[in-house]
Amino acid sequence: MTNPSRTRAFTSWRRRLSAALACLALAATLSGCDSPGAISGQDDSDRPVVLTTFTVLADIARNVGGDKITVESITKAGAEIHGYEPTPQDIAKASRAHLILDNGLNLEAWFEQFIVELDVPHVVVSEGVEVMDISEDANAGLPNPHAWMSPVNVQIYVENIRDAFIELDPENREYYTRNATAYNAELETLEKNLVQGLSGLKENERALVTCEGAFSYLARDAGLTEKYIWAVNAEQQATPRQIASAIEFVKDNEVPAVFCESTVSDAPMQQVVQGSGSTFGGTLFVDSLSEADGPVPTYLDLIRHDTDVILQALTGEKP
């Protein structure tokens, strides 16, 4: 059965898209149509312009592209990626790009509509990862899209980005290859530190309870049991049944601390805290980096921060 609200939203989006594309086409000749502006950071050089769907991918891509590629993120720091609504400015920016990188695995629900009207190639950077399926709720059986929460998977992201950049700019093949190799070495060290840091947790501490089921890959790598309130961020979240299930899990397993992500309200998890007697362990980052002066300006910082917060909250000791 067709969802009327989704149909209306799609129709509205298509109208905005058509208007934005018309504005873009006429901006050079019609003074009454606001010019969409250049991509931030773009200059008169011959550097290719690459857009990513969110900030985490942008940082990974910059480590590969270095000073040979201009990388921008469609979404800004702090944005919730799942239900993002592209703006006319996003569309104008994308029309000027040479390549768009997206995560895939149903993460960017809006991306298919976004890209369909644009003659810009795109690459799915998660291609080739060992996908974990969502195990609960209406999304059960679908791929868990948060594959970048495993540094092992991100090494595959890096290889895909490297290959995409070489195809885009073959003259700098060796440069992108060197950058990718160096960054993957950092990711290998990051993964070892993640696993080692969480390896000493006691049995009741080896449970990772979060708002969204975004930590399946990290929990797998570190040997933790994952429990979440909802599987994937959506318009309606945290039903009474989901909160009750989380409370029961925390009580039964005597979990000392629970967590929530930076892009959603922690109010549902605070209900779990009150109902279970556990403590709120802190805010974890998943879907977005912070601003440059924040706690997680890079992907490497994100994994380190989350590992430290989890370890300190569950053990009561500073890492």
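1. In the contact (heavy atoms within 4.5 Å) between two helices, Pro 151, Val 152, Val 154, Gln 155, Val 158, Glu 159, Arg 162, Phe 165 and Ile 166 of α5 meet Arg 173, Tyr 176, Thr 177, Ala 180, Tyr 183, Asn 184, Leu 187, Glu 188, Leu 190, Glu 191 and Leu 194 of α6. These residues divide into 12 nonpolar, three polar and five charged. Here Ala, Val, Leu, Ile, Met, Phe, Trp, Tyr, Cys and Pro count as nonpolar, Asp, Glu, Lys and Arg as charged, and the others, Gly among them, as polar.

2. This is a predicted model, in which local features need pLDDT of at least 70 and side-chain atom pairs pLDDT 80 or more, while totals for chains, interfaces and linings use all residues. Residues are numbered from 1 along each chain as its sequence is written, and side-chain values use heavy atoms, without hydrogens and water.

3. Helix α5 spans residues 151-168 and helix α6 residues 173-198; their axes (lines fitted to C-alpha atoms over the stretch in contact, with angles from 0 to 180 degrees between N-to-C directions) lie 9 Å apart at about 175 degrees. The two helices are therefore roughly antiparallel (over 145 degrees) to each other.

4. Buried residues (under 20% relative accessible area, 1.4 Å probe, protein chains only) make up 49% of the 319 residues.

How values were computed:
Helix = DSSP H or I, 4+ residues; strand = E, 2+ residues; numbered from the N terminus. Parallel < 35°, antiparallel > 145°, perpendicular 65-115°, else oblique. Buried < 20%, exposed > 50% of the residue type's maximum accessible area, 1.4 Å probe, protein only.
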